[in-house]
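Please walk me through this structure in the viewer, one selection at a time. I would like to know what to pick next and what is found there.

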Amino acid sequence: MNETTPSSAKFSILVPAYNAEHILGRTLASLVTQELPEWEACVVDDGSTDATFEVALEWAEQDRRIKSARKDNGGTSSARNAAAKMASGTWLCLLDA
């Protein structure tokens with residue numbers, strides 16, 4: 001696995017997630033296999049009632065380029081805004097869970 005520190009990220013990928021336990025792992029797996037290593041993923045669980053946040057935490061423990069946070073449900077835009085506040089990259093990219 002080719003990792004960079006979040007501070008060296010060129011691309012911050014904003015990942016809002018709501019009840020995405022069933023798909024979030026595949027989404028993050030696709031990011032980890034990218035050839036360009038200078039990215040970070042900012043995953044925000046938007047008040048899910050399933051194990052979405054736990055999935056995000058597991059991935060964050062495996063790859064330091066993945067950050068995770070949880071907030072009360074406010075909708076996709078508010079989750080993206082929360083992810084943007086976590087971001088350190090030059091470019092912001094959107095990727096729904």
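Is Asp46 buried or exposed? Asp46 counts as buried, at 3% relative accessibility. The model on screen is a predicted one.

**Glu40 and Lys67.** Next, select Glu40 and Lys67. A salt bridge joins these two side chains as well, at 3.1 Å from N to O. Colour by relative accessibility here: Glu40 is at 0% and counts as buried, whereas Lys67 is at 22% and counts as partly exposed.

**Asp96 and Arg80.** Move on to Asp96 and Arg80, whose side chains meet in a salt bridge of 2.7 Å, N to O. Arg80 lies in helix H3 (residues 76-86) and Asp96 in the segment after E4, so parts that are 16 residues apart in sequence are tied together. Both ends are partly exposed: Asp96 has a relative accessible area of 46%, and Arg80 has 22%.

**Leu92.** Now select strand E4 (residues 91-94), where Leu92 is found. Leu92 is partly exposed, because its 48% relative accessibility falls between the 20% and 50% cut-offs. Leaving aside residues up to four places away in sequence, Leu92 touches Ser12, Leu14, Ala84 and Ala87. Then draw a C-alpha to C-alpha distance from Leu92 to Ile13: the value is 5.9 Å, for two residues 79 apart in sequence.

**The negative patch.** For the last stop, show the surface and select Glu21, Glu54, Glu58 and Glu61. These residues gather there in a patch of negative charge. Which helix gives the most to the patch? Helix H2 (residues 52-62) does, with three residues. Glu21 is placed in helix H1 (residues 21-32). With a relative accessible area of 39%, Glu21 is partly exposed.

Conventions
Residues numbered from 1 in each chain as written. Predicted model: local features only at pLDDT ≥ 70, side-chain atom pairs only at ≥ 80, totals over all residues. Heavy atoms only, no water. Patch = residues over 30% accessible without salt bridge, like charges linked within 9 Å, V, L, I, M, F, W, Y side chains within 5 Å. Areas by Shrake-Rupley, 256 points an atom, 1.4 Å probe, with all protein chains shown as cover. Salt bridge = Lys/Arg side-chain N within 4 Å of Asp/Glu carboxyl O. Lys, Arg positive; Asp, Glu negative; His and termini not counted. Charge placed at Lys NZ, Arg CZ, Asp CG, Glu CD. Helix = DSSP H or I, 4+ residues; strand = E, 2+ residues; numbered from the N terminus. Buried < 20%, exposed > 50% of the residue type's maximum accessible area, 1.4 Å probe, protein only. Contact = heavy atoms within 4.5 Å.
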